[in-house]
Amino acid sequence: MLEEYHEFETRLSGFFAQQMRKSFTVLPSDMRFHIIIAAVFWCGYVDSRKIRGISSSYKRFYRERKSFLCIDGSKIIPFEQVNDDYCDCEDGSDEPGTSACPRGRFYCTNLGFRPHYIPSSRVNDGICDCCDASDEYNSHAQCQNSCWNLGQREREYVEGQMRTLDEGLRLKQQLIEEGVLLWREKQAQLRELQQVAEDLQIKLEEHRRRKHEADRLKEEILKDLEAGDNGIQHQNSTISSIFQLLDSNKDGSITVDEVQEKVALIRDEERVLSVDEAVIKDTHGAPGRLVSEDPHLKAADGAAEWEATSLKKVEESYDTVNMEISDLQKKLAIDYGTDWEFLFLNSQCYQLKVYEYTYTLCPFNQITQKNTAGTEVLLGKWGMWAGTPKNQYSQMVYENGEPCWQGGSRSTTVTLTCGAETALRSVKEPSKCQYIMDFQTPVACQPVLQQRGVHSEL
């Protein structure tokens, strides 16, 4: 029956088109009247038997016949009871175009936009839910078909997304090429630092040997001087005793009167003891003075100090190079993507101000939050990639931030989205001390754009 109707409808449409190509005036007036009446009748018939609210994939279940089988197979009813505004099937499949069944669904075709289902309870409720107004076919609602305008906006959005995707993929390819070069540079830098460390290691051993030799020489000279100083100290002790004997007033010096008092002056033809010669000061009471003024000891001591200073400088340089090697090895151990496309993000930081807080994301390092008073809080340190199996590089996790007052530590999940520029787009705190960020970058662009369910009708 339904197939016959479609055939008749096609023939009727062809007939009207043919008659319009001719001149409608060539027909008798009574015949024109009968054609118009027939057209109105068949349009009404077609509209009355149209199965509303079903998608093209379900039309096979609604071919007009004597009976209708509920789609869940629970019941068989006469076909005349389909869309009769009474719910017969438990799954609501007999009333796709009315609001009779509580579990029913009405399909909005929405030609020009995205089709979708609505609960059948919304059919003919006076509110336009389908953009093509098909859900209000028997109500007083004045619905306009807005599918084309909505589809146009949707198409413009998709076209913009495609342009962004194309630009992002172009920039991504550049960043991949730069990432490969940067990776090679880092590897070369690591090899250079390792060679410098090896050279410093040799120099370090040489300076240690030279310092040890200088210390040993200094120690030998000091021992020799101390051994010779014992006889000198005995002589100085005797002289000091005589001095103490002559120094009557104990003022640390001997005058002519003190000498004449206890010593018989000796005159000869060549010299006479003068007053200046008679004033003698005690210069033999400081043991070891001659040792400290020995020129050989002074030279050995200076050499030992110079070698110690040189050794310290080499040790500092060696430690610095080793720290640089360690830092570089840690950076190179991070997963920067299959083509090192994320390598350029290392050593970069991106900021976003949200109300009174400034958030700073330093990829592969840390995330911080700073308020207007300047107080900075660590929201997490680089942890790992945490994307989906199909795209593991779609999310980053930063963990072990500063402790939260409720217990535990702060953490942040960063979602990477496709964009023509690299920037931090949004920051939210959906739960206490748990943060989420939207980070846009070209390297997050994928060759296939998921078009938010846009169908081919567009």
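Y58 is found in the loop between α2 (29-49) and β1 (67-69); helices (H or I, at least four residues) and strands (E, at least two) are DSSP runs, numbered from the N terminus. The model is predicted: local features need pLDDT of at least 70, side-chain atom pairs count only at pLDDT 80 or more, and totals for chains, interfaces and linings use all residues. Residues are numbered from 1 along each chain as its sequence is written, and side-chain values use heavy atoms, with hydrogens and water left out.

Y58 is partly exposed, at 31% relative accessibility (buried means under 20% relative accessible area, exposed over 50%, partly exposed in between; 1.4 Å probe, protein chains only).

Eight disulfides are found in a search of the whole structure (a disulfide is a pair of cysteine sulfur atoms within 2.5 Å). One joins C70 to C89, with an S to S distance of 1.9 Å. Its S-S torsion is about -75 degrees, so the disulfide is left-handed. C70 lies in the loop between β1 and β2 (76-78), and C89 in the loop between β2 and β3 (105-108), so the pair ties together parts 19 residues apart in sequence. C70 is buried at 1%. C89 is buried at 2%.

A disulfide also joins C87 to C101 (S to S 2.1 Å). Both cysteines lie in the loop between β2 and β3, 14 residues apart. C87 is partly exposed at 26%, whereas C101 is buried at 2%.

C349 and C362 form a further disulfide (S to S 2.0 Å). C349 is partly exposed at 45%; C362 is buried at 10%.
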